[in-house]
Each structure stands twice: as structure tokens, then as C-alpha cells.
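The sequence and structure come before the notes.

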Amino acid sequence: MKASTATMEKSPYMIVNAHLKNWEGILQRAHAFIAYGLLLNFRQELRSARWAAVLQAALTHDHGWREWDEAGLDADGHPSNFTDSPSALAQRLAQRSVELASYQCPEGAILVARHMEELYQNRPEPDLLKVIEGIQQWRFQQMKRVNWTSTDVESDYEYVYWADSASLTLCVQDPEFVAHLPLRLHDTEYTMKEVGEVWTMTPWPYESPKLDLGVDLYDFPSVLTTDSELCEVIQSGAKRRKTWLLGSGEGRFSFSD
């Protein structure tokens, strides 16, 4: 996802929001689950004919992350910036994400491959670009195998990209970062706003009048001394639930209903 990251506190394997006394961490795959939830109850007329593949791609697009054995700290004892992952790590993440998706659904894996291309195609490292080129060639081969055109892929990938952006809008507590997230889907611009303890979305694409979403998150000390401390917090199972309530921004109902 291309966006300014000037003020966001983050890690290479999770979204980390800085608070006064601690850091709040949301794992990449938890963020992906929110992306999946944001698509799951779309109105029937808005769905693709390949909706199961779209949902699978949204759910698994970050499955290449492995927080428990790759987490790291920066020089200040803070979780490192996931948007600045080294080339070697980005290569492993991209390849692993596509491989794991391919074990479930070829169409979903095609969309995950398309997402890896979107994420890394503008990076300058030759080795990483070679890997992304290989992923793209693999995608083209799979598209022929399942008789899927480039128009099909781009249309369905828009759902995944939109859901990824909408999930980050909820998960990242950094207005500058969020302001650069694209929320355009098939020529329709969406807006999301936090209103008190709830969020609104306009236009409203769902069957139900409200949408409840939630994930587990981790609380990290403000400063850590070793990489293993970060891993220990994740492996400890000490999680806290975070939820969001979404409703239409078009004034069609009350959140108190």
C-alpha cells in the first residue's frame, strides 16, 4: 500500500499504534481478517461472479508474514517499520504469500500475486524486482490455466485493494497515513469517518444496516531491549479485543437501533 508514513509508529510484521505508555500491535493477518470482513456482507449486486476467490484473497493476502520468528526492533527499541522491509525479507514475504494462497484457490492466488506486484513493483532493488517479475509471469500462466482475462483480474483485484485500504483506515491511528489510502472501487469513491465511538462509510455497500468488526491485539512496552522480547509478547497469548462499529454515513438509521 503506497502512503506517507511520516508519523505512523509501526513494525515490520504488524500495525503498531503508539500510545503514551505502550504500543498497540495488530498483526498483519488480523488486519487481513478485517479486510475480509469488510467484503463479506457486500450487497449481492455489488459482488463479483468470483466472489469466493475475492474473499479468499482478501483473507490471505498477508499470510506471508511470520511474526513469531522474524520480528525485529529498530535502534531505538521500537518495532521496525513494515513499509521499509529489506529486500530479502520482502522477497520471502511476496513468494510465501502467493505460495500459501495457491494451496487453496488458483483464482485467489492470482489476486494475491497481483497484490504483491502492487506492493513492490516500484521498489528500486533489482533482486526484489526480479522476484516480482517472476510472480507476475506465474500469474499470467495461471490466468491462462483458469481462462481468466486481465480485465477479470483487475476488476476483482479492485475489491482486494479497496478492502486492504479500508481495513488500514480502521487499524492505523495516523491521520497522515490514512489520508493517502485509496478508497475507490469500480469508479465509486468511498469515505470513512470516525464519529465518536463509531465509524461511518459513504456510500453504504452492505446488506445489513450495521457492521461489527473485531480483532485481537497486543500491548507492547514503550521500549524493548531485544527482538526476543517482542516475540515473547506475541507468543504469550496475552491479547486484548479491539472492535469497530460501522454504519451508513447517509443518515438512514441510528446507531442506537
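A crossing is left-handed if the near helix is turned anticlockwise from the far one by less than a right angle, and right-handed if clockwise. This is a predicted model, in which local features need pLDDT of at least 70, side-chain atom pairs count only at pLDDT 80 or more, and totals for chains, interfaces and linings use all residues. Residues are numbered from 1 along each chain as its sequence is written, and side-chain values use heavy atoms, with hydrogens and water left out.

**Helices α4 and α5**
- The crossing of α4 and α5 is right-handed.
- On the α4 side, the contact (heavy atoms within 4.5 Å) is made by A90, L93, A94, S97, V98, A101 and S102; on the α5 side, A109, V112, A113, M116 and Y120 take part.
- Ten of these contact residues are nonpolar, two are polar and none is charged.
- The axes of α4 (residues 87-102) and α5 (residues 106-120) come within 8 Å and cross at roughly 165 degrees.
- α4 and α5 are therefore roughly antiparallel to each other (angles over 145 degrees count as such).

**Helix α2**
- The buried residues are W51, A53, V54, L55, Q56, A57, A58 and T60.
- They pack against α1 (28-40), α4, α5 and α7 (150-171).

**Strands β5 and β6**
- Strands β5 (residues 191-195) and β6 (residues 198-202) run antiparallel and are joined by five bridges.
- E194 has W199 of β6 as its bridge partner.
- Two residues lie between the strands of this hairpin, where G196 takes a positive phi near 65 degrees.

Conventions: Two strands pair if DSSP finds at least two bridges between them. Helices (H or I, at least four residues) and strands (E, at least two) are DSSP runs, numbered from the N terminus. Axes are lines fitted to C-alpha atoms, for helices over the stretch in contact, and angles run from 0 to 180 degrees between N-to-C directions. Angles under 35 degrees count as roughly parallel, over 145 as roughly antiparallel, 65 to 115 as roughly perpendicular and the rest as oblique. Ala, Val, Leu, Ile, Met, Phe, Trp, Tyr, Cys and Pro count as nonpolar, Asp, Glu, Lys and Arg as charged, and the others, Gly among them, as polar. Buried means under 20% relative accessible area, exposed over 50%, partly exposed in between (1.4 Å probe, protein chains only).
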